[in-house]
Amino acid sequence: MPAYPPTVEEERILALKKKPVPREPLPDAEIHSEGFRQTREARRSALVEDYVELIADLIEDGNEARQVDIAARLGVAQPTVAKMLTRLCADGLVSRKPYRGVFLTEAGRKVAEESRIRHQTVEAFLRSLGVSAETARIDAEGIEHHVSAETLEAFRKAMIAAR
């Protein structure tokens, strides 16, 4: 099969891939550790936010948020969900009723709404860059937990400026 010469755009992309990115000097240890601390905190809260956001989505979709449905949608075993629900109850984010589903407390609804807004902002920003809907949805699921309020605001401003 004959090789066609690359387009101007393909040549530009190839040149960018070959060009080494200059390495910045390490920041001060205290400043450097702050980034790692924030990442650890985001990892801890990500799972809680995912559960609470999913519970809100299930309830808003007109269904009860049942343990079996949560497990299926998160792709985890029911005992894993049971353990997390116990933690969410202890944290005051959900309540459970025997033989019924899971319900969000006022604090849980607040966490779910904040998480949903972050997710929607990140997803919309990725879409504005030309990322496909499916990829943007999947990528936003991880990014939403690690992005700062400052970065979210920059995403919003960039999208408004692009209109």
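Buried, in these notes, means under 20% relative accessible area, exposed means over 50%, and partly exposed is in between, with a 1.4 Å probe and protein chains only. First check with that: L54 is buried, since its relative accessible area is 12%.

**Ground rules.** I am working on a predicted model, so local features need pLDDT of at least 70 and side-chain atom pairs count only at pLDDT 80 or more, while totals for chains, interfaces and linings use all residues. Residues are numbered from 1 along each chain as its sequence is written, and side-chain values use heavy atoms, with hydrogens and water left out.

**L54, continued.** I found L54 in helix α2; helices here are DSSP runs of H or I with at least four residues, strands are runs of E with at least two, and both are numbered from the N terminus. Setting aside residues up to four places away in sequence, L54 touches I70, R73 and L74, where contact means heavy atoms within 4.5 Å. I also looked at L54 against A65: the two are 11 residues apart along the chain, and their C-alpha atoms are separated by 8.3 Å.

**Cores.** Next I looked up the nonpolar cores, meaning sets of buried Ala, Val, Leu, Ile, Met, Phe, Trp, Tyr and Cys residues joined through side-chain atoms within 4.5 Å. The largest has 19 residues, and V52, I55, I70, L85, L88, V102 and L104 have the most contacts inside it. At least two residues of this core come from each of α2 (29-60), α3 (67-74), α4 (78-90) and β2 (102-104). Which element gives the most to this core? I get α2, with seven residues.

Not counting residues up to four places away in sequence, L104 touches V52, I55, A56, I59, L93, V94, R109 and A112.

**Record check.** The unreviewed UniProt entry carries the annotation "domain: HTH dtxR-type" over residues 44-105. UniProt positions are given in the numbering used here, feature names are shortened, and annotations may be inferred rather than shown by experiment. In the model, that span is 61% helix and 10% strand, and its end C-alpha atoms lie 20 Å apart.

**Pocket.** I searched on a 1 Å grid over the protein atoms alone, where a pocket is an open set of points at which a 1.4 Å probe fits, with protein on both sides within 12 Å along at least five of seven lines. Lining residues have an atom within 4 Å of a point. The largest pocket holds about 270 Å³ of space; grid points are joined across faces, edges and corners, and the volume is the space filled by probe spheres set on the points.

Which residues line the largest pocket? I listed L47, D50, E53, L54, D57, R73, L74, H119, R137 and E141. Two or more of the lining residues come from each of α2, α3 and α6 (133-143). The largest share, five residues, is from α2. By class, the lining has three nonpolar, one polar and six charged residues.

**H119.** This lining residue sits in helix α5 (residues 106-128). Is H119 buried or exposed? I noted buried, because the relative accessible area is 9%. Leaving aside neighbours within four places in sequence, H119 is in contact with E53, R137, A140, E141 and E144.

**E49.** I placed E49 in helix α2. E49 is buried too, with a relative accessible area of 12%. Its contacts, residues up to four places away not counted, are V111, S115, R118 and H145.

**Loops.** Y99 lies in the loop between β1 and β2 and is exposed at 86% relative accessibility. Most residues other than glycine have a negative phi.

G62 is in the loop between α2 and α3 and counts as exposed, because its relative accessibility is 63%. D91, in the loop between α4 and β1 (94-96), is partly exposed at 46%. R23 is in the loop between α1 (8-18) and α2 and is exposed, with a relative accessible area of 68%. From R23 to E41, 18 residues along the chain, I read 27 Å between C-alpha atoms.

Definitions and conventions: Nonpolar A, V, L, I, M, F, W, Y, C, P; charged D, E, K, R; others polar.
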